Amino acid sequence: MKSNLVLLVVLLIVCACSSSTDTATQTGTPTYTLIFIDKTRSVNVNKAFVAQKYQQAINDIVDQNIQQKGDQLDVYFIHENTSKARALNVTAQTEREDVSSASPTDREAAETEFGLLLGRERTRIKQQVLQQLMAQNSGASNQETDIWASLPVIQKANETGLSVKVYYLSDMIESVKGSDRRDFQKVPPRDNAQAEEWAKADAEKLKRYTIGSPAITLILPFEPNASVRENNPAVTQYWQTLFAELGAGNVSED
């Protein structure tokens, strides 16, 4: 266990160093990044494929979205109390110097310095997110998967006026007890048509959450050769339809 974590941290630092100069050339509205990490019994982040995929995803997310001062990143755990499970909140502090009146030499030096400082900050953030990825949840909260509860979190992020990007590191198997809830472990959608039907019906109940038009990415823990029973495409269809009905600007699967 410890050796696997050490290996991941080494890989993380190597990737961070290699991308530290990948800085934005333009500034604009800061980005609010939400990462939801599944902490239920159905997702095993100690499995080599899952650990590697999610570690690389974290590298990419931070490099793409931490570009300027004010960019914010939150990590929430998915379990039976998702909306209250914020595990990390960071805001980028690296600021690009105003070089509009500087000489070309000074402008280049300032940009180099900005890239180095931003790279270091990204590395720190990646390490913090990785720690949350590897955190274990052996408590009773791992028995249910309440992904619906991520919606008020997205709504709150939308209220900031920032550009919101949402990532789910999860199998997306909603599993909550109750006659008005979905339990895909017991009764998954049988095909895409039923998935769309369920999603549209559920969206009517969930439209009280104003999520805006975030870009949403589903990062599934399944290997390419996973069976349909394990990686049910109808479940993905359900979420793509639900988020689209609620106003998401783009929903993609990785």
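Which strands does helix α4 (residues 151-158) lie across? The legends below take up this point and others in a predicted model.

**View 1. Helices α4 and α2 against the strands.** Helix α4 (residues 151-158) lies across β1, β2 and β4, and runs at about 170° to β1. Helix α2 (residues 48-65) packs on the sheet, where it touches β1, β2, β4 (163-169) and β5. The direction of α2 makes about 175° with that of β4.

**View 2. The open sheet of six strands.** The six strands follow the order β3-β2-β1-β4-β5-β6, and their pairing is mixed. At the edges stand β3 (86-91) and β6, each of which pairs on one side only. From one strand to the next, the twist averages 15°. As background, strands of a sheet pair through backbone hydrogen bonds, either parallel or antiparallel.

**View 3. Two pairings within the sheet.** Strands β2 and β3 pair in the antiparallel sense over five bridges, and here glutamine 72 stands opposite threonine 91 in β3. Strand β5 (residues 215-219) and strand β6 (residues 250-253), by contrast, pair in the parallel sense over four bridges, with leucine 218 standing opposite glutamate 253 in β6.

View 4. Strand β5, helix α6 (residues 233-245) and strand β6 make a β-α-β unit that is right-handed. Helix α5 (residues 192-206) passes α6 in a right-handed crossing, and the axes of the two helices come within 8 Å and cross at roughly 35°. Among the residues of α5 that take part in the contact are Trp198, Ala199 and Leu206, while those of α6 include Pro233, Tyr238 and Leu242. Sorted by class, the contact of α5 with α6 has nine nonpolar, three polar and four charged residues.

**View 5. A tilted pair of aromatic rings.** A pair of aromatic rings is described by the distance of the centres and the angle of the planes. The count of aromatic pairs in this model comes to seven. In the pair of phenylalanine 36 and tyrosine 76, the ring centres are 5.7 Å apart and the planes stand at 35°, so this pair is tilted; planes under 30 degrees apart would count as stacked, and planes over 60 as edge-to-face. Phenylalanine 36 lies in strand β1 (residues 31-38) and tyrosine 76 in strand β2 (residues 72-78), so the pair ties together parts that are 40 residues apart in sequence.

Notes
Residues are numbered from 1 along each chain as its sequence is written. This is a predicted model: local features need pLDDT of at least 70, side-chain atom pairs count only at pLDDT 80 or more; totals for chains, interfaces and linings use all residues. Side-chain values use heavy atoms; hydrogens and water are left out. Two strands pair if DSSP finds at least two bridges between them. A crossover is right-handed if, with the strands pointing away from the viewer, the path from the first strand over the helix to the second runs clockwise. Axes are lines fitted to C-alpha atoms, for helices over the stretch in contact, and angles run from 0 to 180 degrees between N-to-C directions. A crossing is left-handed if the near helix is turned anticlockwise from the far one by less than a right angle, and right-handed if clockwise. Contact means heavy atoms within 4.5 Å. Ala, Val, Leu, Ile, Met, Phe, Trp, Tyr, Cys and Pro count as nonpolar, Asp, Glu, Lys and Arg as charged, and the others, Gly among them, as polar. Rings of Phe, Tyr and Trp (its six-membered ring) pair if their centres lie within 6.5 Å; planes under 30 degrees apart count as stacked, over 60 as edge-to-face and the rest as tilted.
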